[in-house]
Amino acid sequence: RPVYRLGQTVYFKGIARASEPDGFKNRGGGLDVKVKFEDPENQEIWSGNVKTTSFGTFNGLLSIPKEGKTGAYQITLTYPDGTADYERVEIDQYRK
């Protein structure tokens, strides 16, 4: 989803894969992936863990505060080996 509003819930999902010389490799099931959600000023809004399935997939949800700030929020995913991925979620004020 390209843009969310303050107070809405962000649903996320992903696949934990590692880049190998011969292509991508499934990181496997049962991995604890740390998730951190930060506002545009890099203040932590929420953090927690998700566990991967046997296919390497994971999912979760994050609530955007109603009194939060608009702009780009960041989701940081940190894997057990210390590597990390970053995703952005845009929050704006708009009318339907």
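Strands β5 and β8 run antiparallel and are joined by five bridges. Strands here are DSSP runs (E, at least two residues), numbered from the N terminus, and two of them count as paired if DSSP finds at least two bridges between them. The model is a predicted one, so to speak of local features takes a pLDDT of at least 70, side-chain atom pairs count only at pLDDT 80 or more, and totals for chains, interfaces and linings use all residues. Residues are numbered from 1 along each chain as its sequence is written, and side-chain values use heavy atoms, with hydrogens and water left out.

That pairing belongs to a wider arrangement. Five strands make up an open, mixed sheet, in the order β1-β9-β8-β5-β6. At its edges stand β1 (3–4) and β6 (44–51), each with a single partner strand, so one side of each has no neighbour in the sheet. In general, strands of a sheet pair through backbone hydrogen bonds, either parallel or antiparallel.

Next along comes the pair β8 (residues 71–78) and β9 (residues 84–91), which is antiparallel over eight bridges. Here Thr76 sits opposite Tyr86 in β9. The two strands form a hairpin with five residues between them, and Gly82 in the turn has a positive phi of about 95°.

Back in β5 (residues 32–38), Val35 is worth a look. Its bridge partner in β8 is Leu77. Val35 is buried, with a relative accessible area of 0%; buried means under 20% with a 1.4 Å probe and protein chains only. Leaving out residues up to four places away in sequence, Val35 touches Phe12, Trp46, Ser47, Gly48, Asn49, Val50, Ile75, Thr76 and Leu77, where contact means heavy atoms within 4.5 Å.

Some of these names turn up again in the largest pocket, whose 20 lining residues include Phe12, Lys13, Ile75, Leu77 and Glu87 nearest its centre. A pocket is an open set of points on a 1 Å grid over the protein atoms alone, where a 1.4 Å probe fits, with protein on both sides within 12 Å along at least five of seven lines; lining residues have an atom within 4 Å of a point. The volume is about 390 Å³, taken as the space filled by probe spheres set on the points, which are joined across faces, edges and corners. β2 (9–15), β8 and β9 each supply at least two lining residues, and β2 gives the most, with six.

Technical notes: Helix = DSSP H or I, 4+ residues; strand = E, 2+ residues; numbered from the N terminus. Buried < 20%, exposed > 50% of the residue type's maximum accessible area, 1.4 Å probe, protein only.
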